[in-house]
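Please read it alongside the sequence and the coordinates.

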Amino acid sequence: MAKAAIDYLYYLRADKLPHMWCPGCGIGIVVKAMIGAIDDLGWDKNDIAVISGIGCTSRAPGYLDMNTLHTTHGRALTFATGVKMAQSTKHVIVISGDGDATAIGGNHFIHACRRNIDITEIIVNNNIYGMTGGQFSPTTPYGAKAATTPYGNIDPSFDLVELAKGAGATYVARASVDNGRMMQKLLRDGMEHHGFSVIEVLANCHTQFGRRNKMSDAVTMIDWIANRVVAKAKADKMTLEELEGKVITGLMYQNKERPEYTDEYDKLIERVQAKTSAKAGSGK
Amino acid sequence: MPQILALTGNEAVAYAMKQINPDVVAAYPITPQTSMMQKFADFVAGGEVDSEMVLVESEHSAMSATLGAQAAGARSMTATSACGLALMFEILYIASSYRLPIVMPVVNRALSGPINIQGDHSDTMGVRDAGWIHIFSENAQEAYENTLQAIRIAEHPEVLTPVMVTLDGFIISHGVETVTIFDDDKAKKFVGEYKPRYTLLDTKKPLTLGALNFSDFYFEHKATQLEAFNKSAGVILDVGREFKKTFNSTECYEFFEAYKMDDAEFAVVVLGSTAGSVRMVVDDLRSRGVAAGMIKLRVFRPFPHEELAKALKGLKACAVMDRSIAYGGDGGPVHIEVRSALYGIHPAPMMCNYIYGLGGKPIEPEHILSVFDDLKEAVVKKSFKRRVGYLNLKE
């Protein structure tokens with residue numbers, strides 16, 4: 001039986017539309033997939049907190065009719081950690097850009113991964129600081145041009161999947177805006193995963209990144225992304241030479257064994273309280 | 001020959017930075033400062049300066065890198081706005097306590113929350129006790145000239161204190177004006193070469209900065225820092241005089257500009273770009289026979305208490321306009337200072353305070369006119385309707 005069509009407007013603050021993103025911006029595709037994933041899970045929108053920092057991507061919660069918190073640059077995860085600690089049965093989602101999540105917020109990112117707290121972080125990676133005018137970010141590719149690298153970037157870039165894995169995240173996936181269906185599936189599974197989940201989404205910023213790198217419209221840039229990505233199942237059968245210059249998408253890592261942080265916290269309280277009441281009971 | 005160019009305030013300051021030719025510049029983008037560093041980056045890319053420029057991962061890092069470079073003997077600069085300045089808070093105190101003469105342009109912008117990117121003074125007012133000198137600008141020309149002077153003030157051997165030069169977000173930073181850019185040679189000669197007495201990594205004179213002080217010496221260090229800070233007042237005036245002479249500048253480079261104050265009965269104290277509108281209103285009132293005047297405060301730290309008290313003494317009534325709030329204090333931060341300056345002065349003018357322009361709320365001549373009307377009415381009725389009020393606030 002065909003599933004009923006998603007009522008997107010139910011999840012959106014229609015009075016805040018139209019949005020402020022450039023025509024053809026990839027963030028809209030991410031928001032659509034995010035709503036699709038939430039709808040698929042059947043979560044009550046009022047049980048969800050969406051938290052963001054600063055930047056183009058961070059404007060998303062402004063359009064979502066959920067519990068939303070628009071915070072400071074790079075620190076969304078710290079606010080989200082507080083929300084999750086206070087309301088551990090609710091769903092906490094962070095949506096960030098690459099500059100927000102991995103430059104100014106890089107420290108918080110690795111520590112959220114390390115704790116394995118049950119938060120889903122969506123990192124919309126468009127390889128640039130879009131809102132402030134196209135400065136290079138920690139994910140700008142080597143050699144690419146940005147407003148602050150007119151002769152090409154010499155900073156090595158982060159591989160966000162490896163970074164998240166290395167730091168301890170227990171669900172790590174990579175999606176891309178050319179494949180909304182796959183993105184929705186990965187977002188859904190990431191949200192359902194009990195632990196810290198990171199979904200990097202390769203997205204287009206043709207306005208700030210593309211314009212400086214011979215891809216000044218959305219279609220050209222999304223094509224560039226589509227031609228670079230290889231799904232994990234296919235990549236597993238390819239040789240290293242064939243994978244040269246390619247980016248693998250799909251579920252990259254999942255660990256269901258590692259304990260989640262708020263669970264550990266509850267267990268700790270239980271253990272210490274049992275000890276104290278045992279002491280009180282023994283009359284000492 | 002000086003050049004007359006059409007520049008935004010941010011570009012004008014970038015030109016000052018080009019002539020200062022700092023050894024190291026660290027930057028992190030934040031609206032409305034970004035276009036300043038962008039312009040400076042053009043000068044770096046074009047080989048027009050010798051500066052090493054580094055784009056770091058946050059403002060905390062930008063101020064830290066600037067501090068590190070300055071401690072290592074390099075003339076170093078950065079620039080920021082609002083939340084960026086707030087993120088630097090920790091390092092601002094460290095820079096001033098290390099006595100590092102860093103100069104930082106700050107494009108004034110409202111602090112979150114709610115998030116807002118437009119102009120007000122809450123950012124620099126929030127760091128007013130960090131041990132930095134604060135110099136405000138009315139327009140792009142002043143922002144340019146203040147930046148050049150700031151280097152001389154900061155690096156003066158008796159002062160060695162960091163300086164922030166402020167310009168109002170968007171109104172000055174993004175508004176295009178004609179700006180006179182002085183000859184490079186002349187500007188460079190005025191700024192001079194940076195010759196630090198002590199630097200890190202000088203093996204002949206090894207140095208420790210910021211070593212732990214407990215109750216044994218912390219207080220003593222702070223008192224020494226304050227002594228040097230207070231010496232900056234005289235240096236600010238000296239540098240202003242020399243600047244005017246060197247460049248035949250017509251701007252007022254004292255602690256404040258006293259506009260039509262000699263025989264004034266009513267006056268407004270204001271800082272930043274709004275001074276332009278107040279001046280216009282004063283002229284209009286004068287043409288209608290009202291003895292109006294204006295104090296445009298240029299130097300907020302060190303605050304010129306004595307000089308200001310002298311300038312305000314003969315007035316019937318005076319209003320202070322604040323573009324930020326000091327929560328729980330007596331109105332805004334400028335009002336608190338001015339009121340304190342008038343303690344013990346007889347006869348002191350009647351005095352009130354207006355908060356205005358928060359988060360970029362427009363300030364029009366009619367609002368300033370209403371301030372003068374309130375002053376006149378208060379003198380007749382011998383009291384104010386409200387001692388601390390708002391301008392252009394939706395009721």
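Ala4(A) counts as exposed because its relative accessibility is 65%, above the 50% cut-off. The model is predicted. Ala4(A) sits in the segment before helix H1 (8-11) of chain A.

- Ser76(B) belongs to strand E4 (residues 76-77) of chain B.
- With a relative accessibility of 1%, Ser76(B) counts as buried.
- The side chain of Ser76(B) comes to 3.0 Å from the backbone oxygen of Ala74(B).
- Residues up to four places away in sequence aside, Ser76(B) touches Val24(B), Thr66(B), Ala69(B), Gln70(B), Ile102(B) and Val103(B).
- Ser383(B) is located in the loop between helix H12 (365-381) and strand E15 (388-390) of chain B.
- Ser383(B) counts as partly exposed, at 42% relative accessibility.
- Contacts of Ser383(B), leaving aside neighbours within four places in sequence, are with Met350(B) and Ala378(B).
- Between the C-alpha atoms of Ser383(B) and Lys244(B) there are 42 Å, and along the chain these residues are 139 apart.

**Interface of chain A and chain B**

- The contact involves 15 residues of chain A and 13 residues of chain B.
- About 1,100 Å² is buried between chain A and chain B, with 67% of this area on carbon and sulfur atoms.
- Of the area that chain A buries against chain B, 33% comes from Ile104(A), Thr132(A) and Gln135(A), more than from any other three residues.
- How many salt bridges are counted between chain A and chain B? The count is zero.
- Five residue pairs are in polar contact across this interface, both residues of each pair being at pLDDT 80 or more.
- Helix H4 (98-104) and strand E6 (135-136) of chain A are the elements that give two or more residues to the side of chain A that touches chain B.
- By class, that side of chain A has eight nonpolar residues, six polar and one charged.

**Domains of chain B**

- Chain B is split into domain 1 (3-193 + 204-247) and domain 2 (256-390).
- The centres of domain 1 and domain 2 of chain B, taken over C-alpha atoms, are 28 Å apart.
- Domain 1 of chain B puts 27 residues into the contact and domain 2 of chain B puts in 24.
- The two domains of chain B bury about 2,000 Å² between them, and carbon and sulfur atoms give 55% of that area.
- Five salt bridges are counted between domain 1 and domain 2 of chain B.
- Polar contacts between these domains number 17 residue pairs, with both residues at pLDDT 80 or more.
- On the side of domain 1 of chain B that touches domain 2, the elements giving two or more residues are helix H5 (122-126), strand E6 (133-136), helix H6 (140-155) and helix H8 (218-247) of chain B.
- Eleven nonpolar, ten polar and six charged residues make up that side of domain 1 of chain B.

**Salt bridges**

- Over all chains, the structure holds 35 salt bridges.
- Lys90(A) and Asp47(A) form a salt bridge through their side chains, at 3.1 Å from N to O.
- Lys90(A) lies in the loop between helix H3 (76-86) and strand E3 (91-97) of chain A, and Asp47(A) in the loop between helix H2 (27-41) and strand E1 (48-52) of chain A, so the pair ties together parts 43 residues apart in sequence.
- Lys90(A) counts as partly exposed at 31% relative accessibility, and Asp47(A) counts as partly exposed at 27%.
- Another salt bridge joins the side chains of Asp184(B) and Lys18(B), at 3.9 Å from N to O.
- This pair links helix H7 (residues 184-191) of chain B, which holds Asp184(B), to helix H1 (residues 9-20) of chain B, which holds Lys18(B), 166 residues apart.
- Asp184(B) is partly exposed at 31% relative accessible area, whereas Lys18(B) counts as buried at 12% relative accessibility.
- Asp129(B) and Arg301(B) also form a salt bridge, with their closest N and O atoms 3.4 Å apart.
- Is Asp129(B) buried or exposed? Asp129(B) counts as exposed at 53% relative accessibility, whereas Arg301(B) counts as buried at 11%.

Terms used:
Residues are numbered from 1 along each chain as its sequence is written. Chains are lettered from A and ligands numbered from 1 in the order in which they are written. This is a predicted model: local features need pLDDT of at least 70, side-chain atom pairs count only at pLDDT 80 or more; totals for chains, interfaces and linings use all residues. Side-chain values use heavy atoms; hydrogens and water are left out. Helices (H or I, at least four residues) and strands (E, at least two) are DSSP runs, numbered from the N terminus. Buried means under 20% relative accessible area, exposed over 50%, partly exposed in between (1.4 Å probe, protein chains only). A polar contact is a pair of N or O atoms within 3.5 Å; within protein, one must be able to donate a hydrogen and the other to accept it, and residues adjacent in sequence count only if both atoms are side-chain atoms. Contact means heavy atoms within 4.5 Å. Buried area is the accessible area (1.4 Å probe) that two parts lose on being put together, summed over both. A salt bridge is a side-chain nitrogen of Lys or Arg within 4 Å of a carboxyl oxygen of Asp or Glu. Ala, Val, Leu, Ile, Met, Phe, Trp, Tyr, Cys and Pro count as nonpolar, Asp, Glu, Lys and Arg as charged, and the others, Gly among them, as polar. Domain bounds come from an automatic or database domain assignment.
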